[in-house]
Amino acid sequence: VLPCHTNHRGELSTGQLLKWIDTAACLSAERHAGCPCVTASMDDIYFEHTISVGQVVNIKAKVNRAFNSSMEVGIQVSYEDLCSGKHWSICKAYATFVAQGPLGSKVRLKPLTPQTEEEKIEYSIAAERRRMRLVHKDTLKDLLTRSPQETELETRDGSGAVPAEKTRVESVELVLPPHANHQGNTFGGQIMAWMENVATIAASRLCHAHPTLRAIEMFHFRGPSQVGDRLVLKAIVNNAFKNSMEVGVSAEAYGQEMSVSRRHINSAFMTFVVLDQEGHPRTLPMVAPEPGDGERRYREASARKKIRLDRKYVVSCKQTEVPLSVPWDQSNKVYLSYNNVSALKLLVAKANWALAREKEKVRMYTLEEDKFLSFRIEMSVCITASRAFSLLSNLRRRHEWDSHYVSAELVQKVDDDDMIYHVVSQKLRHENKPQDFVILASRRKPCSKGDPYVVAFRSVTLPTHPARAEFTRGETLCSGFCIWPESEEMSKVAYYNQAMPGYLNYVTTNVAGMVS
């Protein structure tokens, strides 16, 4: 990091870092595709540290999975201090790139074959991240529609509020050859850097200080721009919370002819904080939104903040840190489903499974880790994979074949692939009352050839179904089924369960005796 890369505080400018991230990711994508690639989107990025002059930035990019014409690239950014030799993580990002042939035509990508355990995990979960991206907008719309009381205008004293209009920034950039990529289009990293610049100015107009960027919510490129275009960049503070503010920023393009309508290129939401001398976030002034669109943006910013907190709570936690039963609501439903499915896929991809017992072509494997003892029961069955998937994903029929289940009531249909059930099971040994569970069941069909059908279970809490005296409330952190087609009529079915230490109290024999 040289002085030319930094801001007035001698810290690496976020815009410069975004350029480097986009360059590394594009190189990785083009190495796999063998042809030019363009940035389609960049997922949320959370910046953990700032980087100073003289420190070294390490950026690693790797294609996690190739779909038909798009691919997900995972990027890890860290920095090292050459004097102390210490390393720190800065952020982790996921970008989507699209391969382009002659005249902008789409190119069908060759599939990627993961080799290591880590590559298999990222490959498997990439499909679930892709699903989450596609429903991102619907999550916000749903929250605003169903929970208006959570996103109402603040009622605290706003006498000292700053009119949002005072934070508005508009800038025009002429796209020159140094701003273009090797295809003649405006470099995606450059557009992101310009957007970060105007957003920083808007944020500083609210707080009259130098703000620090903490998070960026998904860049989505809606179309290209070329050398000679004028890029209009607009930013405004949408909402200010106690210690952070959200700035909305957009980029539009037009050519030399002013009469032609502007093309919407990109939009993003950036979260800033203002740090005091000790590095703690300062309290920020309130924002007074403009009537109409300003109030809409204000409410949407509140909804996005709730979604962001839920997402960070559910998705960013390590599996061992996620509470057993997470409260389910409209704002975190997508991320709970993501966590549910990705946790099971993570378990499936583990490499250290040990065969504990095999009996009548049913194999039982165990996996011992620090806090968990996991089980995998596997068998081949004479039934199509799609039929097995249909039967195993319907918990209301499970009592027909599983003697431990007494009943399963469908409490809520979240969507076509995610359901919440209240399950009642038999009395446990040494217990005088039956167990009950509130379970989120997430089912996923294969994304591409070779993928399994997945049915994932995890406990959630619902205010409508609190723990009751007549039951012992049970919890499951991660369990479910994976089904692989072996032929037209045969399937391999595997059941997984990640058991917490408390579960082992019910085990009276050794692990190999647990086949039942």
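A crossing of two helices is called left-handed if the near helix is turned anticlockwise from the far one by less than a right angle, and right-handed if it is turned clockwise. Please keep that in mind while I go through this structure, which is a predicted model in which local features need pLDDT of at least 70 and side-chain atom pairs count only at pLDDT 80 or more, while totals for chains, interfaces and linings use all residues. Residues are numbered from 1 along each chain as its sequence is written, and side-chain values use heavy atoms, with hydrogens and water left out.

Let me begin with the whole chain. The protein chain has seven helices and 24 strands, where helices (H or I, at least four residues) and strands (E, at least two) are DSSP runs numbered from the N terminus. Of its 516 residues, 50% count as buried, and buried here means under 20% relative accessible area, with exposed over 50% and partly exposed in between, using a 1.4 Å probe and protein chains only. If we take the contacts (heavy atoms within 4.5 Å) between residues at least 6 apart in sequence, 67% of them join residues at least 24 apart.

Now to the helices. Two packed helices are described by the angle between their axes and the distance between the axes. Axes are lines fitted to C-alpha atoms, for helices over the stretch in contact, and the angles run from 0 to 180 degrees between N-to-C directions.

How do the axes of α2 and α6 cross? Helix α2, residues 117–134, and helix α6, residues 333–348, have axes that come within 9 Å and cross at roughly 165°. That makes α2 roughly antiparallel to α6, since angles over 145 degrees count as roughly antiparallel, those under 35 as roughly parallel, 65 to 115 as roughly perpendicular and the rest as oblique. The crossing of α2 with α6 is right-handed. Among the residues that make this contact are Ile 121, Ile 125 and Met 132 of α2, together with Val 334, Tyr 338 and Leu 346 of α6. By class, the residues of this contact divide into nine nonpolar, three polar and three charged; Ala, Val, Leu, Ile, Met, Phe, Trp, Tyr, Cys and Pro count as nonpolar, Asp, Glu, Lys and Arg as charged, and the others, Gly among them, as polar.

Including Gly 15 and Leu 18 of α1 and Gly 188 and Met 192 of α4, the contact of α1 with α4 has three nonpolar, five polar and three charged residues.

Let me turn to the aromatic rings. Rings of Phe, Tyr and Trp (its six-membered ring) pair if their centres lie within 6.5 Å, and planes under 30 degrees apart count as stacked, over 60 as edge-to-face and the rest as tilted. By this rule there are six aromatic pairs. In one of them, the rings of Phe 389 and Tyr 453 have their centres 5.0 Å apart and their planes at 40°, so this pair is tilted. Phe 389 lies in helix α7 and Tyr 453 in strand β21, so the pair ties together parts that are 64 residues apart in sequence. Both Phe 389 and Tyr 453 are buried.
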